[in-house]
Amino acid sequence: MKKTIILTYDYELFFGDHSGTVSKTLIEPTNLLLEQFEKSNLKATFFVDYLMIKYLGLNTDERSRSDLHLIQEQLKDIIRRGHRIELHIHPHWVDAKYNGDGTWNYCNFSHYSLNSFTCLLYTSDAADDLTR
């Protein structure tokens, strides 16, 4: 009997006392995985942390803009290669603080769980933002 294996990958920054950088924890390892998938003729599903991308985009410094561009280009490449992208959410990004060096500080865990949010936080603007 033939069995199906579904490969999934959480596309998100390292989560610990401090984050890793976009290049070291997303771009480089994902490129290595994509190369191996290509060699083995495998497809995967990438669960992309939307809030990570949203909060990265709220920073206007050159490093953040560059990191955001790297992520956007890599996601396009993932799709071009025939892999799936699905939604993944970690709400701790609402409280994360950008360190200015490409890393993030997660010292506040007020919104570690989705149930920490109330319906008052969600507006039609937020719903529109999700669909853009």
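**Helix packing, sheet and salt bridges in a predicted model**

In the contact between helices α2 and α3, Met-52, Ile-53, Leu-56 and Gly-57 of α2 meet Ser-64, Asp-67, Leu-68, Ile-71 and Leu-75 of α3, contact being heavy atoms within 4.5 Å. The residues of this contact comprise six nonpolar, two polar and one charged; Ala, Val, Leu, Ile, Met, Phe, Trp, Tyr, Cys and Pro are counted as nonpolar, Asp, Glu, Lys and Arg as charged, and the others, Gly among them, as polar. The model is predicted, and local features require pLDDT of at least 70, side-chain atom pairs count only at pLDDT 80 or more, and totals for chains, interfaces and linings use all residues. Residues are numbered from 1 along each chain as its sequence is written, and side-chain values use heavy atoms, with hydrogens and water left out.

Helix α2 spans residues 50–57 and helix α3 residues 62–80. Helices (H or I, at least four residues) and strands (E, at least two) are DSSP runs numbered from the N terminus. The two helices pack at an angle of about 145°, and their axes lie 9 Å apart. Axes are lines fitted to C-alpha atoms, for helices over the stretch in contact, and angles run from 0 to 180 degrees between N-to-C directions. The crossing of α2 and α3 is left-handed, that is, the near helix is turned anticlockwise from the far one by less than a right angle.

Three strands form an open sheet in the order β1-β2-β3, with parallel pairing; two strands are paired if DSSP finds at least two bridges between them. Strands β1 (7–11) and β3 (84–88) stand at the edges with a single partner strand each, so one side of each has no neighbour in the sheet. From one strand to the next, the twist averages 25°. Five bridges join β1 to strand β2 (residues 44–49) in the parallel sense, and Asp-10 stands opposite Phe-47 in β2. Helix α1 (residues 22–40) packs on the sheet, where it touches β1 and β2, and its direction makes about 165° with that of β1. Helix α3 also packs on the sheet, touching β1, β2 and β3, with its direction at about 170° to that of β1.

Seven salt bridges are present in the structure, each defined as a side-chain nitrogen of Lys or Arg within 4 Å of a carboxyl oxygen of Asp or Glu. One of them joins the side chains of Glu-38 and Arg-81 (3.3 Å, N to O). This pair links distant parts of the chain, with Glu-38 in helix α1 and Arg-81 in the loop between α3 and β3, 43 residues apart. Arg-81 is partly exposed, with a relative accessible area of 25%; buried means under 20%, exposed over 50%, and partly exposed in between (1.4 Å probe, protein chains only). Glu-38, Asp-77 and Arg-81 are linked in a network of salt bridges.

Arg-65 is partly exposed at 44% relative accessible area, whereas Glu-62 is exposed at 54%. Asp-67 and Arg-63 likewise meet through their side chains in a salt bridge (3.7 Å, N to O). These two residues are four residues apart in helix α3 and therefore separated by about one helical turn. Asp-67 is buried, with a relative accessible area of 4%, while Arg-63 is partly exposed at 36%.
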